[in-house]
Amino acid sequence: MSTPCVYDVAILGLGPAGLQAAIHAARKKAAVIMLGRANKSSLFWAHVENFLGLGKTSGEDMLAAGLEQAKGFGAEVLEEDALSIEPHGRCFEIATESGRRFGTRALIIATGTARNTLGAPGEKELLGRGVSYCVECDGGFFKNEDVAVVGGRSAAAGGALTLLAIARTVHLVCDRLDVSPALAARLRESGAILHEGVKVKAIRGERQVEALELSDGTLLPVSGVFIEQGAKGVLELASSLGLTLDESMKYLATDKQQATSAAGVFAAGDICGPPLQMAKAVGEGCVAGINAAAYARNLTLAQEGPAEG
């Protein structure tokens with residue numbers, strides 16, 4: 001492994017599932033790091049009145065309190081998205097928007113679900129015929145072709161950088177680029193063509209994608225359109241880590257310990273499926289945090305071997 005495995009548990013997502021997981025893992029004396037942005041959680045904009053023991057309150061206030069609580073138990077916070085996660089032996093190497101890399105023994109995915117469709121004409125009709133929601137899954141099919149990535153967050157920026165090594169021309173289309181300054185600089189210095197301040201009006205093509213029509217009247221001749229809105233989604237994570245999806249192919253499959261099909265990878269919250277409620281997310285976060293900390297502790301003991309006596 002190129003970077004040291006300095007953390008016991010890394011948690012993707014600063015929503016209720018991720019924060020609860022961090023609280024329980026940190027209280028088990030695990031070295032915990034959390035990645036994400038609280039204001040990207042669907043709870044941030046919600047008003048809560050159906051959570052046990054609480055009257056009406058705002059999701060923003062709950063997340064702020066939960067974040068301070070997790071930090072109080074020793075969890076570290078990095079307000080960036082993970083761009084890549086790669087298994088290395090019994091650990092995972094994570095690369096973030098700013099270029100930081102670190103290793104972790106266990107991983108908890110609590111990123112929620114992305115509402116990542118555009119609703120543009122041609123999107124549904126050309127799905128699988130040039131329209132894709134996963135660069136890592138389908139990017140290889142567009143070698144030396146012209147493609148477009150739609151979205152302004154880390155999944156889109158990271159996807160555009162990935163496609164530069166595959167496609168001939170890469171366009172990135174977004175209303176606003178919402179990534180870290182370091183990632184924005186990498187993107188602007190790359191060979192990707194940035195179309196900022198515009199939206200997708202339509203995806204054109206008969207049997208295959210032929211062009212992307214933008215709101216300013218620009219027509220981009222492309223054969224592939226990758227819709228990457230939000231942080232790393234379930235398909236990207238499943239593809240890179242070899243995780244099993246549930247029967248709907250929309251959510252991660254987990255057992256009662258919130259463990260996924262990959263050793264050391266746990267999941268909690270909306271990414272595990274409905275009901276998409278905070279109470280469920282908090283409960284699953286608790287279970288995931290406890291079990292991820294135990295997994296990391298057992299892994300460390302196994303690597304250290306029996307004490308000499």
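Which elements cover the buried residues of α1? In this predicted model, the cover includes the strands β1 (7-12), β2 (32-35) and β8 (101-109), together with the helices α2 and α7 (278-304).

**Helix α1**
- Helix α1 has 12 residues and spans 17 Å from its first C-alpha to its last, close to the 16 Å expected at 1.5 Å a residue.
- The helix is mostly covered, with 11 of its 12 residues buried.
- The buried positions of α1 are P16, A17, G18, L19, Q20, A21, A22, I23, H24, A25 and A26.

**Packing of α1 against α2**
- Helix α1 (residues 16-27) packs on helix α2 (residues 59-72) at an angle of about 25°, and the two axes lie 9 Å apart.
- Because angles under 35 degrees count as roughly parallel, α1 is described as roughly parallel to α2.
- The crossing of α1 past α2 is left-handed.
- On the α1 side the contact involves P16, L19, A22 and I23, and these meet L63, G66, L67, Q69 and A70 of α2.
- By residue class, this contact of α1 with α2 comprises seven nonpolar and two polar residues, with no charged ones.
- P16, L19, A22 and I23, which meet α2, are also among the buried residues of α1.

**Packing of α4 against α5**
- The axes of helix α4 (residues 154-163) and helix α5 (residues 181-189) come within 10 Å and cross at roughly 35°.
- The crossing of α4 and α5 is left-handed.
- Helix α4 contributes S154, A157, A160 and L161 to the contact, while α5 contributes L183, R186 and L187.
- The residues of the contact of α4 with α5 divide into five nonpolar, one polar and one charged.

**Backbone features in loops**
- K29 lies in the loop between α1 and β2, just after α1.
- Although K29 is not a glycine, its phi is positive, at about 70°.
- The residue K29 is exposed, with a relative accessible area of 75%.
- N144, in the loop between α3 (135-138) and β10 (146-150), is another residue other than glycine with a positive phi, near 60°.
- The peptide bond from P274 to P275 is cis, its omega being near 0°.
- P275 is placed in the loop between β17 (265-267) and α7, and α7 is one of the elements covering the buried residues of α1.

Key. Residues numbered from 1 in each chain as written. Predicted model: local features only at pLDDT ≥ 70, side-chain atom pairs only at ≥ 80, totals over all residues. Heavy atoms only, no water. Axes fitted to C-alpha atoms, helices over the stretch in contact; angles between N-to-C directions. Helix = DSSP H or I, 4+ residues; strand = E, 2+ residues; numbered from the N terminus. Parallel < 35°, antiparallel > 145°, perpendicular 65-115°, else oblique. Left-handed = near helix turned anticlockwise from the far one by under 90°. Contact = heavy atoms within 4.5 Å. Nonpolar A, V, L, I, M, F, W, Y, C, P; charged D, E, K, R; others polar. Expected span 1.5 Å × (residues − 1). Buried < 20%, exposed > 50% of the residue type's maximum accessible area, 1.4 Å probe, protein only.
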